[in-house]
Amino acid sequence: MRMEELTLFYSPLHQKHSAANHPERPARVEAIRESLIEAGLWQTAQQAKAVEIPDSVRHAIHTAEHYRRVQAASRHDGLIDGDTYVTADSWACALETAGGAVAVADQVWTRQARRGFALTRPPGHHATPNRAMGFCLFNNVALAAEYLIQTHGAERVAVIDIDLHHGNGTQDIFYERGDVFFCSIHQYPLFPMSGLAGETGEKAGEKATLNIPFPPYAGDQARQAVLDRALLPLLENFKPEMILLSAGFDAHWRDPLGHQIATVDGYASFVSQLCAFADAHCGGRFAAFLEGGYDIEAGAACALAITQAMIGQAWDDPLGPGSFAEDPYWEKRLQKVLDIWKL
């Protein structure tokens with residue numbers, strides 16, 4: 001069987017998961033899709049179809065009560081909490097989105113495709129075992145990781161979260177497990193007010209969680225330092241068989257919800273280096289899953305650039321850098337992490 005260069009997941013059902021004046025809106029994904037079409041990547045990519053997730057995988061990630069609550073809430077338009085909404089179609093949309101994430105991970109693992117990108121909406125990294133929160137209903141990347149472990153016998157999977165916000169749900173799910181290495185690079189203090197440097201995992205998961213809580217105005221230089229001084233050395237030690245990327249683009253300098261100053265070029269460079277690691281150590285297995293990113297133009301530009309980086313194409317940064325310089329205080333935050341890990 002011929003291995004495709006790229007597999008993508010997109011479902012038009014996501015457009016029915018929408019609330020007036022909410023930042024997590026369908027335009028986010030539609031703009032990304034248009035950018036991939038304009039670049040000619042959509043037309044040549046394999047299109048993944050959502051799969052039904054086995055019950056053993058579903059219930060390893062979320063409790064039965066969690067699924068019941070989301071399904072019940074979705075029978076009526078409204079809010080699960082002050083940030084997280086549902087519509088009558090949200091249950092079906094979230095199930096299909098999770099199934100699409102699993103399908104992309106499966107196709108990359110089995111080498112039907114070299115790389116993958118699932119345009120997952122609603123996003124997932126804040127969803128804990130028993131709570132929908134932070135715009136997230138089901139934890140798509142966690143379900144994908146668990147599927148690889150249960151179905152394909154994966155023993156070591158890495159989940160790297162580059163969203164503006166801490167991936168608290170993913171951390172909670174895997175915090176006491178040693179088969180998933182989780183890294184979150186995020187702004188702190190900021191929602192959900194977790195992800196401190198000292199949160200490194202417990203029991204079998206001790207030293208399998210790496211948190212990089214950056215202050216405001218950390219950008220590309222800070223993230224490159226994380227790669228060079230912490231993340232890549234720890235990945236070499238962990239020896240993952242596949243890397244899953246929680247790709248949130250709200251650390252871009254244009255995003256309205258935070259104060260990070262990453263650029264399109266910085267995002268793509270970061271992903272390019274992770275893919276080089278995957279090529280050298282994971283048989284090339286690397287897939288991305290959409291999380292946040294609420295400036296429509298920045299999100300589309302970042303998504304296109306990381307997709308091009310994943311498959312070895314050149315990328316452009318049409319937005320350039322912002323007007324703020326990096327605050328060097330990020331170096332102290334990173335040094336605290338390095339001290340904890342003895343790096």
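User: How many cavities of 30 Å³ or more does a search of the whole structure find?

Analyst: The search finds 2 cavities of 30 Å³ or more. A cavity is a set of points, on a 1 Å grid over the protein atoms alone, where a 1.4 Å probe fits but cannot get out; a pocket is an open set with protein on both sides within 12 Å along at least five of seven lines; lining residues have an atom within 4 Å of a point. Grid points are joined across faces, edges and corners, and a volume is the space filled by probe spheres set on the points. The model is predicted, with local features needing pLDDT of at least 70 and side-chain atom pairs pLDDT 80 or more, while totals for chains, interfaces and linings use all residues. Residues are numbered from 1 along each chain as its sequence is written, and side-chain values use heavy atoms, without hydrogens and water.

User: Which residues line the largest cavity?

Analyst: Ile162, Ile185, Arg223, Ala262, Gly266, Tyr267 and Phe270 line the largest cavity, whose volume is about 60 Å³. Helix α9 gives the most to this lining, with 3 residues. Helices (H or I, at least four residues) and strands (E, at least two) are DSSP runs, numbered from the N terminus. By class, the lining has 5 nonpolar, 1 polar and 1 charged residue. Here Ala, Val, Leu, Ile, Met, Phe, Trp, Tyr, Cys and Pro count as nonpolar, Asp, Glu, Lys and Arg as charged, and the others, Gly among them, as polar.

User: Which element gives the most to the lining of the second largest cavity?

Analyst: That is α10, with 3 residues. The second largest cavity holds about 50 Å³ of space, and its lining includes Arg28, Phe249 and Asp295. The lining divides into 5 nonpolar, 3 polar and 2 charged residues.

User: What is the volume of the largest pocket?

Analyst: The largest pocket has a volume of about 170 Å³. Of its 16 lining residues, His126, Phe135, His165, Phe191 and Leu257 lie nearest the centre. The lining is made up of 7 nonpolar, 5 polar and 4 charged residues.

User: Where does helix α8 bend?

Analyst: A bend at a residue is the angle between axes fitted to the seven residues ending there and the seven starting there. Helix α8 (residues 220–238) bends by about 45° at leucine 227. Leu227 is also among the buried residues of α8, which include Arg223 and Phe238; buried means under 20% relative accessible area, exposed over 50%, partly exposed in between (1.4 Å probe, protein chains only). Among the elements that the buried residues of α8 pack against are β6 (157–161), α9 (264–281) and α11 (330–341). Just after α8, lysine 239 takes a positive phi of about 60°.

User: How many aromatic pairs are there?

Analyst: A pair of aromatic rings is described by the distance of the centres and the angle of the planes. Rings of Phe, Tyr and Trp (its six-membered ring) pair if their centres lie within 6.5 Å; planes under 30 degrees apart count as stacked, over 60 as edge-to-face and the rest as tilted. The whole structure has 8 aromatic pairs. In one of them, tryptophan 91 and phenylalanine 138 are edge-to-face, 5.7 Å centre to centre with 85° between the planes. Both tryptophan 91 and phenylalanine 138 are buried.

User: Why is the pair of phenylalanine 249 and tyrosine 267 edge-to-face?

Analyst: The ring centres of phenylalanine 249 and tyrosine 267 are 5.4 Å apart and their planes are at 75°, so the pair is edge-to-face. Phenylalanine 249 counts as buried because its relative accessibility is 2%.

Terms used: Contact = heavy atoms within 4.5 Å.
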